[in-house]
Amino acid sequence: MIFLHDSDLKVHGNLKSSNCVVTSRWVLQITDYGLGELTTAAENEIFLNYDHYRKLLWRAPELLRQPSLYPKGTQRGDVYAFAIILYEIILRKGPYGQLHLPAEEIIMRVKEGADKLSGKVFRPPLDDLDIQDYVLQTIADCWAENPDHRPDFRHIKEKLKRMKEGMTSNIMDNMMDMMERYANNLEDLVDERTAQLVEEQNKTEALLHRMLPKSVAEQLMRGEAVIPESFDAVTIYFSDIVGFTEMSATSTPMEVVTFLNDLYTVFDSIIGNYDVYKVETIGDAYMVVSGLPIRNGNHHAAEISSMALDLLEAVKTFKIRHKPGQSLMLRIGIHSGKKNLVLE
C-alpha cells in the first residue's frame with residue numbers, strides 16, 4: 001500500500017479482504033486497483049440487494065456520504081479499509097464480527113456519524129479482541145471519523161512492527177522470508193536484465209549499421225531475406241595513400257594503426273556531409289559509393305566529385321603523428337558508368 005500510494009495511481013479505492021490474494025510463492029499481493037472508472041460506472045447503477053451493501057462494508061464514512069466527491073477513493077479511505085481487514089484477520093468473523101445486522105443497516109449507521117447522545121461512531125466492536133493494546137489503538141486510529149486524524153501506512157507499519165517481537169523463526173518462516181525477498185527483488189532483476197538486453201541489442205544494431213547499409217541492416221533485424229538489387233546509375237570512389245608501403249616499413253604496427261585511425265576519422269567526418277555510403281576500408285584503401293542503397297537520380301557523380309575534392313583539401317593540412325615533417329599524398333579514382341576519372 002505504501003508503494004501504491006507513492007505511485008501515479010495514488011489510491012486503491014476499493015480495498016477489502018477479497019482483494020488480498022496469496023500467490024503460489026506464499027506472498028500476499030493486492031489486486032483490483034486502478035479500475036476507478038469501471039467501478040464507479042458500476043456503482044452508479046441502482047442495487048437493492050444484500051451483495052451491493054456488503055461490498056461497502058470496508059468503505060470509509062466520508063466516502064459513503066459523498067461518493068461523487070471521491071470517485072476514485074482517497075488514501076485515508078484506504079487506511080480505514082485496511083483497519084477493517086486487520087480486524088477480520090484478528091477476529092476471523094467477517095468485517096463486523098458477530099454483529100447480526102443486515103449490511104444495509106450497518107452502512108446506514110456508519111453514514112450517520114457520531115451519535116447525538118453518546119457522541120460515539122458506529123464501528124465493528126473491539127470488546128471481543130484479545131490482542132495487544134497498541135494494535136487496538138492502531139485500529140481505532142484508522143477508524144477515526146475525521147480522515148485527517150488517521151495515520152498513513154508508513155506510521156501504521158511502524159506501529160505494528162512490535163507484532164513480530166518474541167516470535168521464534170522456523171524453517172517455514174525462513175522459507176517465507178526468502179520467498180518474499182525473492183518476489184520483491186524479482187522486478188528489479190527483470191528491469192536490470194531487460195536493460196542489459198536492450199544495450200546488447202543496440203550494440204548489435206550499431207555493428208550491423210557499420211558493416212551494412214541501413215536498409216539492409218533493418219531487413220536483417222526484422223528477419224527478412226535480403227534480395228539482391230541491381231543499380232544502373234552509381235558512382236564509386238576509391239583512394240589509397242601514396243607511399244604507404246614505404247611508410248609502413250619504417251613504422252611500428254601501432255604507429256600505422258594510429259595513423260590510419262586518425263586519417264579515416266577525418267574522412268568519416270567529411271563524407272557525413274554528402275549523400276554517399278562508405279563501403280569499406282582495407283589497409284590504406286578507402287571505398288565510397290553514391291547512388292545506393294538509396295537512389296539519388298543523377299546527383300551521384302556530383303556528390304562523389306565534391307567529396308573527393310573536400311578530402312584532397314583535408315589531406316593537405318593532415319599531420320602524421322610519428323612523422324610530423326612528412327606530407328601526405330592521396331591517390332583517388334572515380335568510376336561513374338563507363339567513364340573513369342583520376343584525381344591526384
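**Note on the predicted model**

1. The secondary structure of the chain comes to 13 helices and seven strands. Helices (H or I, at least four residues) and strands (E, at least two) are DSSP runs, numbered from the N terminus. This is a predicted model, where local features need pLDDT of at least 70, side-chain atom pairs count only at pLDDT 80 or more, and totals for chains, interfaces and linings use all residues. Residues are numbered from 1 along each chain as its sequence is written, and side-chain values use heavy atoms, with hydrogens and water left out.

2. Confidence comes next. pLDDT is the predictor's confidence in each residue, from 0 to 100. The chain averages 83, and 89% of the residues score at least 70. Over residues 338-344 the pLDDT is below 50; this stretch still has 16 contacts in the model beyond near neighbours in sequence. Contact means heavy atoms within 4.5 Å. Where pLDDT is low, the predicted coordinates should not be read in detail.

3. Of the 344 residues, 31% count as buried. Buried means under 20% relative accessible area, exposed over 50%, partly exposed in between (1.4 Å probe, protein chains only).

4. Which residues touch the most other members of the largest nonpolar core? They are L57, Y80, Y96, V110, I139 and W143, in a core of 35 residues. Helices α4 (61-65), α5 (75-91), α6 (103-112), α7 (133-142) and α8 (153-159) each supply at least two of its residues. The largest share, nine residues, comes from α5. A nonpolar core is a set of buried Ala, Val, Leu, Ile, Met, Phe, Trp, Tyr and Cys residues joined through side-chain atoms within 4.5 Å.

5. Take V110. Leaving aside neighbours within four places in sequence, V110 contacts P61, L64, R65, Y80, Y96, F122 and R123. A second, separate core has 28 residues, including L260, V288, A314 and L330.

6. L330 lies in strand β6 (residues 330-336). L330 counts as buried because its relative accessible area is 6%.

7. Is W26 buried or exposed? W26 counts as exposed because its relative accessibility is 54%. W26 sits in the loop between β1 (20-22) and β2 (28-30).
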